[in-house]
Amino acid sequence: MTLLVLYSPQLEECRRFYQGLGLDFAAEQHDQGPEHYAAVLPNGMVFELYPARPGRQTDALRLGLAVNGSTATPPLTPGRHILADPDGRTVEVHST
């Protein structure tokens, strides 16, 4: 996988949530498209957050991330954690 795009009606809240797990986002805009955020993961995959259009379902997804728990906000103990992002998506976090 090279790209994952999440659409959110709560863009800033989602950016803060995933940033708290260690993703480093940069603001982007391509041509006349919407402003959004992109993070490049260590394996080169791009993780993007876009604003959702009205009426678009945004919660039908489950993600799995491996993170350094000591640098997460708040810090996570080593092991598996089941979290929910601001849009209600389940995020399974494997903390080291």
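Along strand S5, residues 62-67, which side chains point to one face and are buried, and which point to the other? This is a predicted model, and in it the side chains of S5 alternate.

The partner of S5 is strand S7, residues 90-95; the two pair in the parallel sense, over six bridges. Within this pair, Val-67 is found opposite Ser-95 of S7.

I turn now to the open sheet. Four strands make it up, in the order S1-S4-S3-S2, with mixed pairing. Its edges are S1 (3-8) and S2 (26-28), each of which pairs on one side only. From one strand to the next, the twist averages 25°. Strands S3 (residues 36-40) and S4 (residues 46-51) run antiparallel and are joined by four bridges, and Ala-39 stands opposite Phe-47 in S4. Across S1, S3 and S4 lies helix H1, residues 11-20, which runs at about 155° to S4.

Finally, the core. The largest nonpolar core has 22 residues, and those touching the most other members are Tyr-18, Leu-21, Phe-25, Phe-47, Leu-49 and Val-91. S1, H1, S3, S4, S5 and S7 each give two or more residues to this core, and H1 gives the most, with four. Beyond its neighbours within four places in sequence, Phe-25 is in contact with several residues, including Tyr-18, Tyr-37, Ala-39, Phe-47 and Leu-49. In soluble globular proteins, nonpolar side chains tend to be buried together.

Definitions and conventions:
Residues numbered from 1 in each chain as written. Predicted model: local features only at pLDDT ≥ 70, side-chain atom pairs only at ≥ 80, totals over all residues. Heavy atoms only, no water. Buried < 20%, exposed > 50% of the residue type's maximum accessible area, 1.4 Å probe, protein only. Pairing = 2+ DSSP bridges. Axes fitted to C-alpha atoms, helices over the stretch in contact; angles between N-to-C directions. Contact = heavy atoms within 4.5 Å. Core = buried A, V, L, I, M, F, W, Y, C linked by side-chain atoms within 4.5 Å.
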